[in-house]
Amino acid sequence: MRALVTGGAGFIGSHIVDLLVAENHDVAIVDNFATGKPANLNRYAHFYETDICSPDLHQIIAEVRPEVVFHQAAQMSVKVSTDDPLYDARVNVVGLLNVLEACVTGGVRKIIFASSGATYGNPVYLPIDEEHPQHPESPYGITKMVAEHYLNYYALDRGLSFTALRYGNVYGPRQDSRGEAGVVAIFARQLLSGQVPTIHWDGEQIRDYIYVTDVARANLAAATAGDGRIYCIGTGVGTSVNQIYQKLCEVIGVSVVPNRAPRRPGDLRTAYFDTRRAREELNWRPLVSLSDGLQSTVETVQQDLTLDLATTGAG
Ligand SMILES: NC(=O)c1ccc[n+]([C@@H]2O[C@H](COP(=O)([O-])OP(=O)(O)OC[C@H]3O[C@@H](n4cnc5c(N)ncnc54)[C@H](O)[C@@H]3O)[C@@H](O)[C@H]2O)c1
């Protein structure tokens, strides 16, 4: 198939590109490097350095003529969304609308959308399934929920098929470990470079950690199944921050007492998914265990650190 991946220079998008290329699909990428990196670009994919909000997107889609668009580009930081809700909405709502319009005029069959567990807010029951009420508690969660409504509208009114995947806490190689990204990348980098990580609240916050290649596989599964449907993409297993920390220490072979800090505003206690719908309808299930996922994440963070050191040393 011909595919276009927005956000293909980012963490999750680049893994989707890699999988598509490995399966011999024709792939194009649109990214503006807001957070993505040139190093993440797959050399066998055609790259367009463009903002998803730009009118140029229409020309690109007309040129690439993708059958499926994997829409991963987004403002994905909860903190940025609370600091600057206008920017968040510009990328996540207006940008999405630009992508949808370009898909319709460009004859795209289907769009696969990266939604989020952040659309739920504080859960009222566990595990969270697709029917769980959505009460997002951040501008980011609001824009992701609104996006799902737009997808439904474009399917009904313009005949553009969609699948929305609500990801859990995605972790793995290429996740940014410098910003406010997931705890796995942050803790791994800090522990490997001799810093003492900080655990907020009591560390008993529970999340559904899903390895990035499993998320990429869910996207590819959705290219040919699940039209008009929404799926929770996680392992179905809850893991606490303390457990992640402990397992990372074991993998790295260190014993470091973490700093403790108060709960951050908006931190939720417990959230994990019921993934039965994705298993049944997409014929998808996660394949990478937490131990294996942590192990390979640590290995790539270690490689990045070695590379950083070599670059600094040479410079
Ligand atoms: N990482 C997670 O745990 C998680 C969880 C739920 C949902 N998601 C969603 O998954 C998607 C991918 O997230 P990620 O973790 O890979 O983040 P990321 O920041 O690594 O990737 C986002 C990509 O989009 C690009 N981008 C941002 N604004 C753009 C714009 N205006 N025009 C073109 N490109 C733009 C960035 O440069 C980056 O390459 C996002 O939609 C995010 O909201 C991520």
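Helix α1 gives the most to the shell around the ligand, with 3 residues; helices here are DSSP runs of H or I with at least four residues, strands are E runs of at least two, and both are numbered from the N terminus. This is a predicted model, in which local features need pLDDT of at least 70 and side-chain atom pairs count only at pLDDT 80 or more, while totals for chains, interfaces and linings use all residues. Residues are numbered from 1 along each chain as its sequence is written.

Altogether, 29 residues surround the ligand, the closest being G7, G10, F11, G36 and A74; a residue counts as near if its C-beta atom, placed from the backbone, lies within 6 Å. Besides α1 (11-22), at least two shell residues each come from β2 (26-31), α4 (85-105), β5 (110-116) and β7 (169-171). Sorted by class, the shell has 15 nonpolar, 12 polar and 2 charged residues. Nonpolar here covers Ala, Val, Leu, Ile, Met, Phe, Trp, Tyr, Cys and Pro, charged covers Asp, Glu, Lys and Arg, and polar takes the others, Gly among them.

Helix α6 (residues 183-192) is largely enclosed by the rest of the structure, because 8 of its 10 residues are buried (20 or more other C-beta atoms within 10 Å of their own; exposed means 12 or fewer, partly exposed in between). Those buried include F187 and R189.

N24 is exposed, with 9 C-beta neighbours inside 10 Å. The L126 to P127 peptide bond is cis, with omega near -10°.
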